[in-house]
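Visitor: I would like to go through this model with you, helix by helix and then core by core. Could we begin once it is in view?

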Amino acid sequence: MRRGIVTLVLVSALSLTACGESAVPAGGEAASGALAALDDSKIAGLLSTEAKAALDILGQGARTEIAAYQAQYGKLPENLSDLASLQTARTAAVAAITDALAEQVPFVRRETLEQMAGQFVDRAQMRVLDQLKAEAAAAPAESAAK
């Protein structure tokens, strides 16, 4: 039942973004706004096993690449665009998530679903980077307390 409600909310929001020209401004601001309003946990609930696996692989890859960057440069990257090696895993995750969402809401344009999946993946990657930054900030405080 909960999955049905989440699907209904997702379908409603996405159908608004996929409506005719009069509903969506030329710049796509309405599409971006509606997509940004969807909660990541609701999106995650709609994902297939394959999409979840791709997202997990991306998270693990991000941790590995960030650690390698830190080892090489002595600091964490400011943003993930510094890590070009993550692009392949990101592309695979976006494709898997787009496919999973397309199964749930088949009447929404693929470009809209790709945009939504890309934003979802970007937020997931940023959570990993933010978590590592928080851990790095906590490490000196813990060693100073000892």
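Visitor: How many Å does helix 4 reach from its first C-alpha to its last?

Guide: This is a predicted model, in which local features need pLDDT of at least 70 and side-chain atom pairs count only at pLDDT 80 or more, while totals for chains, interfaces and linings use all residues. Residues are numbered from 1 along each chain as its sequence is written, and side-chain values use heavy atoms, with hydrogens and water left out. Helices here are DSSP runs (H or I, at least four residues) numbered from the N terminus, and the expected span of a helix is 1.5 Å times one less than its number of residues. Helix 4 has 25 residues, and its reach is close to the expected 36 Å, the value being 36 Å.

Visitor: Which residues of helix 4 are buried?

Guide: Buried means under 20% relative accessible area, against over 50% for exposed and partly exposed in between, with a 1.4 Å probe and protein chains only. By that criterion, the buried residues of helix 4 are Ala51, Ala54, Leu55, Leu58, Gly59, Ala62, Ile66 and Tyr69.

Visitor: Which residues touch the most other members of the largest nonpolar core?

Guide: A nonpolar core is a set of buried Ala, Val, Leu, Ile, Met, Phe, Trp, Tyr and Cys residues joined through side-chain atoms within 4.5 Å. The largest one has 21 residues, and helix 4 (49-73), helix 5 (87-104) and helix 6 (110-145) each supply at least two residues of it. Those touching the most other members are Leu47, Ala51, Leu55, Ile97, Leu101, Phe120 and Val121.

Visitor: With which residues is Leu55 in contact, leaving aside its neighbours within four places in sequence?

Guide: Contact means heavy atoms within 4.5 Å. Leu55 is among the buried residues of helix 4, and its contacts, with those sequence neighbours left aside, are Leu47, Ile97, Phe120, Val121 and Ala124.

Visitor: What is the angle between the planes of Tyr69 and Tyr73?

Guide: Rings of Phe, Tyr and Trp (its six-membered ring) pair if their centres lie within 6.5 Å, and planes under 30 degrees apart count as stacked, over 60 as edge-to-face and the rest as tilted. The structure holds one aromatic pair, and Tyr69 and Tyr73 lie four residues apart in helix 4, about one turn of the helix. Their pair is tilted, at 4.6 Å centre to centre, and the angle between the planes is 45°.

Visitor: Why does Tyr69 count as buried?

Guide: Tyr69 also belongs to a second, separate core of ten residues, which includes Leu86, Leu129 and Leu132. Tyr69 counts as buried because its relative accessibility is 12%.
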